[in-house]
Amino acid sequence: MISQLDRDLAELRQVSESYAARHQFIPDFSYPPGVRIAVNFTLDFDSMLLRRLLNEPPMQLAKGEFGGRVGIWRLIELFDAHKVKATIFTPGRACELYPQALRAAVASGHEIADHMWEHRVPKEPALEEDHLGKTVAAIEEISGRRPVGTRSGHSAALLRKHGFIYRSEGSADQWPHYVVDENGGNGLVHLPFHYVIDDAMFFSFAWLGSENAAQRITDPERVFELWWAAFRQQYREGGYLNICMHPFVSGRALRVAMLDRLITRMKELPGVWFPSCEEVACWCLERFPPRAEAA
Amino acid sequence: MPWKERYTISDEKSLADDEIRWPQGARCCVGVTVDLSVAAGPDGIRAADLTTPEAEFGANQGLSALLAVLRRYELKATFAVPGVLAHIYADPVRAVVTEGHEIAAHGFKHEDVSGLERDVERERIVRTTEILAEITGRRPTGWFSLPRQGDPFAGGTISPNTMDLLLDAGYAYMGNGLADDVPHYWVTDFASRRAMLTLPYYYHFDDQFFLMFPRKGTGLEHPDALARNWKAEFDAQYKRGRHFHMTLHPRHIGWCNRLQLLDEFLSYLRGFPGLWNPTGEECARYWLATYPASTYLRLEPSIWRDYPGSLS
């Protein structure tokens with residue numbers, strides 16, 4: 001007789017195994033000759049959209065607005081000065097709020113990628129596709145190109161249908177890898193990022209409804225040390241680092257100065273590559289193509 | 001949708017560093033706000049907030065100690081004072097005026113006004129203005145709505161009517177805004193360009209979020225992080241020629257080693273030439289004359305649209 005405990009064992013094992021089977025890692029991952037590490041600077045250009053979506057009060061919206069009026073301009077200037085190609089994950093609607101800033105980013109050669117239409121993925125499939133389609137159109141209008149990358153929970157099938165090749169989310173592996181959907185298809189390159197390398201975790205009050213007693217506000221020096229340690233470790237490994245930032249957070253003068261020091265120090269080492277996410281994804285697909293998908 | 005209502009309070013892009021000039025060729029503006037409120041949360045000042053040892057300390061030794069440090073470094077500050085506190089502490093408030101600091105309004109009792117009817121809020125603004133005018137001998141020109149330690153967000157609370165009512169009441173500036181790190185305009189009506197001048201505030205430079213936050217006994221003490229934030233922001237803004245700002249509470253910063261920390265930071269500032277240290281009122285007067293909204297508020301025609309299935 002099969003007990004409930006046996007059923008639990010079988011079920012949990014099955015769930016875990018099929019989740020694991022969706023991942024394809026790249027154990028021999030390497031870069032073009034001369035490159036030891038790729039560092040992706042990624043900007044989630046939420047500005048005030050997420051604040052508005054969560055129905056937060058006016059001062060919270062104004063706090064987000066700093067990102068569009070001030071922060072993004074400074075970060076573009078910083079990346080340009082260091083010849084860093086950044087990737088801006090933007091909500092589609094930000095194209096209507098901050099077209100000037102996004103055009104300036106395009107003119108500097110930075111990549112514009114998807115961060116949902118209004119920072120949410122609708123549950124209704126038709127509306128989800130409507131949102132993704134709107135974002136693709138808005139980004140294409142502003143950049144002259146359709147986006148190929150996303151930082152979102154959009155369905156992989158929909159993303160592949162609209163020409164996406166990568167997703168930058170999650171941390172199932174420290175290096176770029178492939179993930180297929182529940183049906184074993186619609187594989188995408190995954191460019192991992194970890195919340196430890198996310199400015200909002202250290203500098204933003206009331207992030208995602210956190211309680212006051214759980215606030216994570218600290219100073220740039222501490223974060224510099226954490227991020228530098230992460231970079232050093234991955235540099236030794238010949239690995240990958242994705243630094244997730246928000247213009248309303250990292251665009252503050254004290255943090256732009258910290259990033260300036262961080263990039264300067266990274267550049268002192270040989271073989272540090274600062275490409276867009278798209279370049280890393282294309283390198284993966286070209287040099288380490290994924291196994292053929294289930295039919 | 002008219003304009004980008006409920007999303008945007010100002011123009012699309014701030015002034016660039018090289019557009020910003022300060023009086024007499026100064027390199028950087030340094031603003032100090034002192035918050036005298038003892039409100040713990042959105043209710044504003046309650047009887048329980050006034051009858052604590054910390055409130056007593058903040059009104060006496062803490063305040064005197066802070067005034068002495070400001071005097072030593074010849075710094076002028078703007079004191080944000082709720083109407084209720086001005087009424088209770090009339091003598092200490094007059095002493096602050098005697099030292100040359102500015103008294104600005106900070107709500108009737110520093111309460112959350114976001115749910116108030118327009119008429120009720122107007123009445124409170126009028127009454128607060130009268131109280132401060134009577135005690136200091138002149139009408140305040142600045143209004144603050146600073147955050148409290150018990151608030152769910154660290155930006156301060158206003159209603160959809162606040163800015164408009166403050167303009168009606170003749171206020172020259174709002175003391176705390178987060179959309180820029182220099183003074184900027186908070187637009188209340190797009191068509192007419194009606195706008196309130198707003199001075200920059202950021203909670204990373206506000207002592208209350210680092211000193212026994214969120215409340216005494218169960219809070220965490222990070223004066224070192226506060227000091228590093230002040231220094232890092234000042235260095236960066238000095239280099240850019242923009243604006244540095246800090247917010248202080250006598251009941252927090254006035255205590256022991258924390259006051260020493262402020263003293264050391266102000267001593268560090270003294271080593272930099274070309275600092276301009278206006279009160280909020282002086283800063284607002286300069287900004288309104290030099291960067292009037294008619295020229296420097298660069299509102300683009302809106303391309304924002306409403307879509308079915310999207311937030312409006």
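This is a predicted model: local features need pLDDT of at least 70, side-chain atom pairs count only at pLDDT 80 or more; totals for chains, interfaces and linings use all residues.
1. Two strands are said to pair if DSSP finds at least two bridges between them.

2. In β3(A), the bridge partner of L43(A) is I88(A).

3. How many of the 8 residues of β2(A) are buried? The count is 8 of the 8, so the strand is largely enclosed by the rest of the structure. In a regular strand, side chains alternate between the two faces of the sheet. For β2(A), one side carries I37(A), V39(A), F41(A) and L43(A), and the other carries A38(A), N40(A), T42(A) and D44(A); all are buried, and both faces are therefore covered.

4. The contact between the chains takes 39 residues from chain A and 44 residues from chain B. On the side of chain A that touches chain B, several helices each supply at least two residues, among them α2 (49-53), α6 (125-143) and α9 (220-237). The largest share, 11 residues, comes from α3(A). By class, this side of chain A has 24 nonpolar, 5 polar and 10 charged residues.

5. Which residues have the most contacts inside the largest nonpolar core? They are F79(B) and V81(B), in a core of 154 residues. α3(A) gives the most to this core, with 10 residues; α3(A) also provides the largest share of the side of chain A that touches chain B.

6. The surroundings of F79(B) may be examined in the structure. Leaving aside neighbours within four places in sequence, F79(B) is in contact with V34(B), L36(B), V96(B), H101(B), E102(B), I103(B) and A104(B).

7. Chain B as a whole has 12 helices and 9 strands. Its radius of gyration is 19 Å, close to the 20 Å that the globule rule gives for 312 residues, so chain B is as compact as a globular protein of that length. Along the principal axes, the C-alpha atoms of chain B fill a box of roughly 55 × 45 × 40 Å.

8. Two further values describe chain B. Buried residues make up 49% of its 312 residues. Among contacts between residues at least 6 apart in sequence, 77% join residues at least 24 apart.

Definitions and conventions:
Residues are numbered from 1 along each chain as its sequence is written. Chains are lettered from A and ligands numbered from 1 in the order in which they are written. Two residues are in contact if their C-beta atoms, placed from the backbone, lie within 7 Å. Helices (H or I, at least four residues) and strands (E, at least two) are DSSP runs, numbered from the N terminus. Ala, Val, Leu, Ile, Met, Phe, Trp, Tyr, Cys and Pro count as nonpolar, Asp, Glu, Lys and Arg as charged, and the others, Gly among them, as polar. A nonpolar core is a set of buried Ala, Val, Leu, Ile, Met, Phe, Trp, Tyr and Cys residues joined through C-beta atoms within 7 Å. A residue is buried if 20 or more other C-beta atoms lie within 10 Å of its own, exposed if 12 or fewer, and partly exposed in between; C-beta atoms are placed from the backbone. The radius of gyration is taken over C-alpha atoms; the globule rule is 2.2 Å times the number of residues to the power 0.38.
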